[in-house]
Amino acid sequence: MGVTAHRSENGEEVTVTVAGRFDYRVYDSFKASYTAIDNGQQINVDLSKTEYMDSSALGMLLMLREHVGKAADILIVNPTPDVHRVLSIANFDKLFAIKQ
Amino acid sequence: MQTLAQAQACCWRFDSAELKDTALVEKLVSSISREFTVASERKRDLELVLTEVVTNSIDHGILGLDSTVKKDPIGFEQYFISRAAKLAELTQGSIEISVEQSAADCIRISIQDSGPGFSYPTGELKQTPENLLLAYGRGLLIIQKLCESMTHIGNGNCVVLDFATQ
């Protein structure tokens, strides 16, 4: 459960995985997961283990986008059906690349 | 959390200390599920809807965050930081939630906060490119999508939702 960050062996990609709940309670660990990301790295946000997500999580995804600016690409990976529905309601498919 | 018995309705009141409890909504969903029949596949949606509506009442009704944001648009990180700071300092304010059976498979949920009111958008909400990046408003979209109806009454500090329980 919680947020983990994993750097690929070649150092080009960072995968942030949110397992369980994605809401206010993981704010600190979500923020900590991306602060060490370097310019130009690909960021994958793995939501395949996310059971619950609300608008605070949408805000945190926008916070990540705000943080990296144009310096990195963000890809949302394998959102669960419940999570994908929340992303769709908020039209986040227009803001982020989503890979199923 | 105080349960107040009313004829055919259940009412819960949360004071400023309880509004800081991150598990408030989970406890509320359990309480509502004890009093009303909610299909298990609808409980996650009920939790999501209540999270959004309680967050709106706290952020905009009680903490007055929307006026701050409108005056001086801030980033998301700043929004989260000022929310946490204001919530930690909160000593006044409360939210009352009442639930009644409005049809065989529907409950009516009324949420009233002690704040001065909030000017809610009227009509169908749309996510346009301009408001896609606003610091708030996504919660209302979620509520609108997952409820049968959403009505703001009074000066905007009371919202009434019809939620299908089956």
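How many of the 9 residues of H6(B) are buried? In this predicted model, 7 of the 9 are buried, so helix H6 of chain B is largely enclosed by the rest of the structure.

**Helix H6 of chain B**

The buried residues of H6(B) are B:Arg138, B:Gly139, B:Leu140, B:Leu141, B:Ile142, B:Ile143 and B:Leu146. Their cover comes from both chains: it includes helix H2 (55-68) and H3 of chain A, along with H3, H5, strand S5 (149-153) and strand S6 (158-164) of chain B.

**The interface between chain B and chain A**

On the chain B side, 26 residues are in contact with 27 residues of chain A. The size of an interface is often given as the accessible area lost when the parts come together. Here the area buried between chain B and chain A is about 2,300 Å², and carbon and sulfur atoms give 61% of that area.

Chain B and chain A are linked by 4 salt bridges. One of the salt bridges joins the side chains of B:Glu47 and A:Arg21, at 2.8 Å from N to O. The count of residue pairs in polar contact between chain B and chain A, both at pLDDT 80 or more, is 11. On chain B, helix H3 (40-62), helix H5 (76-89) and helix H6 (138-146) each supply at least two residues of the side that touches chain A. H3(B) gives the most to this side, with 8 residues. Sorted by class, the side of chain B that touches chain A has 10 nonpolar, 6 polar and 10 charged residues.

**Aromatic pairs across the interface**

Over all chains, the structure holds 6 aromatic pairs.

| Pair | Arrangement | Centre to centre | Angle between planes |
|---|---|---|---|
| A:Tyr24 and B:Phe80 | edge-to-face | 5.8 Å | 85 degrees |
| A:Tyr27 and B:Phe80 | tilted | 5.0 Å | 45 degrees |

The pair of A:Tyr24 and B:Phe80 crosses between chains, from the loop between strand S2 (13-22) and helix H1 (27-34) of chain A to helix H5 of chain B.

Is A:Tyr24 buried or partly exposed? A:Tyr24 has a relative accessible area of 24% and is therefore partly exposed, since buried means under 20%. B:Phe80, at 7% relative accessibility, counts as buried. A:Tyr27 is buried, as is B:Phe80. A:Tyr24, A:Tyr27, B:Tyr79 and B:Phe80 form one aromatic cluster.

Chain A has 3 helices and 6 strands, which follow the pattern β-β-α-β-β-α-β-α-β along the sequence. Chain A has 100 residues, and 55% of these are buried. Of the contacts in chain A with a separation of 6 or more, 66% are between residues 24 or more positions apart.

Most residues other than glycine have a negative phi. Which phi does A:Asn78 have? The phi of A:Asn78 is positive, about 45 degrees, although this residue is not a glycine. A:Asn78 sits in the loop between strand S5 (74-77) and helix H3 (81-89) of chain A. Its relative accessible area is 35%, so A:Asn78 is partly exposed.

A:Asn91 likewise is not a glycine and has a positive phi, of about 60 degrees. This residue lies in the loop between H3 and strand S6 (97-99) of chain A. With a relative accessible area of 17%, A:Asn91 is buried.

**B:Trp12 in chain B**

B:Trp12 belongs to strand S2 (residues 9-14) of chain B. Why does B:Trp12 count as buried? Its relative accessibility is 1%, and the cut-off for buried is under 20%. Which separation do the C-alpha atoms of B:Trp12 and B:Ile97 have? They are 5.2 Å apart, although the two residues are 85 residues apart along the chain.

Terms used: Residues numbered from 1 in each chain as written. Chains lettered and ligands numbered in written order. Predicted model: local features only at pLDDT ≥ 70, side-chain atom pairs only at ≥ 80, totals over all residues. Heavy atoms only, no water. Contact = heavy atoms within 4.5 Å. Buried area = accessible area lost by both parts, 1.4 Å probe. Polar contact = N/O pair within 3.5 Å; in protein donor to acceptor, adjacent residues only side chain to side chain. Helix = DSSP H or I, 4+ residues; strand = E, 2+ residues; numbered from the N terminus. Nonpolar A, V, L, I, M, F, W, Y, C, P; charged D, E, K, R; others polar. Buried < 20%, exposed > 50% of the residue type's maximum accessible area, 1.4 Å probe, protein only. Phe/Tyr/Trp six-rings, centres within 6.5 Å; stacked < 30°, edge-to-face > 60°.
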